[in-house]
Amino acid sequence: MGNSVLAWRGWRAGCVAAVLIAAMLASAGCRIFGDDAGFFVDPRDDYVAARVGEPLEVPEGMESSVGDTWPIPDIVVQPTAKTYSDVVPRPRLLAGASTDAIKIQRLGTKSWIVLADAPEQVWPLVKQLMEDSRVDVAREDPPAGIIETAWFSVDPSAGDILRTAVGTGLSQQQQTAEGSWLDRVQVRIERGIRLGSSEVHIVHYRTRSESEGTIDASAVPEVEGELITEIADYLAQGVASASVSMVGREIASERKARIVEDEDGAPTLVLHIGFDRAWATVDGALERADMEVTQADRDTATFRAVLRAEAKPGFFARVFSRRGAGGTLVTLRLRERDDGVVVEVRDDGGRPVARELAEQVLLTLREFAA
């Protein structure tokens, strides 16, 4: 009996000791396992004590190619945010509403490629295209978004993208007669109308091989049309691996669409493009946003459209719907100025609408533009 009591007391003491040890480990667990003074070093809070180091010194006669791999993005000014002191505005769109990642836009005789990717993503794809076509790059101008090939001759048996497109376009005009010619292709990457999108414009040059000083820019429109079609198809197939070019980040072309306040403090959409394209852009955006257009008058540069009351279920940031009774009639007025075209939102009587409504309409136009 005595032995049993002693055994029981020993067992109880052991349990108490185990509990005390467990409590001590629990209270100090973070320091033992997760703190810099414990078994494992946690680097997640190292930035708190981080200090700016000395700038890199490059020896004389050498150039530095070191850049900031994690640059701090510019702060986007929200000129209308100060007006929402009591009402929380809708969140800004994080992605374009269009599901078309790559498409060809045409306006009159001009055409270009529109991509949902940013210029720094498109730049390495174009470079890969030229490498796959086995043509030399004679000029790179990142601030202007330009990549230009060296002069090359068209070989029908080559089978690459650039030579095939040029050869197909030339065959329609029989431009290869009367001596040999050299060709050159310029690709210009610009920022698109939608946030985070890009535009790719193509220019074709021709010259005689024996007189390279004579250049005919865009001498054969059919060639540029074939180049745009073939390049768009190449990009759509995803032949080149997606990446981000630090050089492509230098593309400094201005945004083609900005929402700013006018002189009266009302939100407006400024499109840095010509009037013809601005009219087509607004018209296409209204159609893609399913906003019911009741009148389009190019002479007065106005659209009249109905804004339905209810939102379409499951539709990301889209406030327009054809279904349902009632709605608000708004007028979109385009006004041309030196730096582009301004789009204003007015009511049926030509007066400015509520700020939140105007901003939502303009945001929708920008996100559905192309």
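Hi everyone, let's start with G350, which is partly exposed, with a relative accessible area of 42%. For those labels, buried means under 20% relative accessible area, exposed means over 50%, and partly exposed is in between, using a 1.4 Å probe and protein chains only. You'll find G350 in the loop between β13 (340-346) and α6 (355-367). Its C-alpha is 8.8 Å from that of V330, and the two residues are 20 apart in sequence.

A word on the ground rules. This is a predicted model, where local features need pLDDT of at least 70, side-chain atom pairs count only at pLDDT 80 or more, and totals for chains, interfaces and linings use all residues. Residues are numbered from 1 along each chain as its sequence is written, and side-chain values use heavy atoms, leaving out hydrogens and water.

Now the overall picture. The protein has six helices and 13 strands. Helices (H or I, at least four residues) and strands (E, at least two) are DSSP runs, numbered from the N terminus. Of the 370 residues in the protein, 36% are buried. Contact means heavy atoms within 4.5 Å. Among contacts with a separation of 6 or more, 58% come from residues 24 or more positions apart.

Next, two helices. How do α3 and α4 pack? Helix α3 (residues 161-171) and helix α4 (residues 221-236) meet at an angle of about 145°, and their axes are 8 Å apart. Axes here are lines fitted to C-alpha atoms, for helices over the stretch in contact, and angles run from 0 to 180 degrees between N-to-C directions. The residues in contact include I161, L162 and A165 of α3, and E222, V223 and E226 of α4. By class, this contact has nine nonpolar, two polar and three charged residues. Nonpolar covers Ala, Val, Leu, Ile, Met, Phe, Trp, Tyr, Cys and Pro; charged covers Asp, Glu, Lys and Arg; and the others, Gly among them, are polar.

On to the rings. How many aromatic pairs does a search of the whole structure find? There are two. One of them is W279 with F303, a stacked pair at 4.2 Å centre to centre, with 25° between the planes. Rings of Phe, Tyr and Trp (its six-membered ring) pair if their centres lie within 6.5 Å; planes under 30 degrees apart count as stacked, over 60 as edge-to-face and the rest as tilted. W279 sits in helix α5 (residues 275-288) and F303 in strand β11 (residues 302-307), so the pair ties together parts that are 24 residues apart in sequence. Both W279 and F303 are buried, and together with F275 they form one aromatic cluster.

Most residues other than glycine have a negative phi. R134, however, has a positive phi of about 60°. This residue is in the loop between α2 (119-132) and β3 (137-141). Is R134 buried or exposed? R134 is exposed, at 54% relative accessible area. A301 also has a positive phi, of about 55°, and is not a glycine. A301 is in the loop between β10 (292-297) and β11, and it counts as buried, at 8% relative accessibility.
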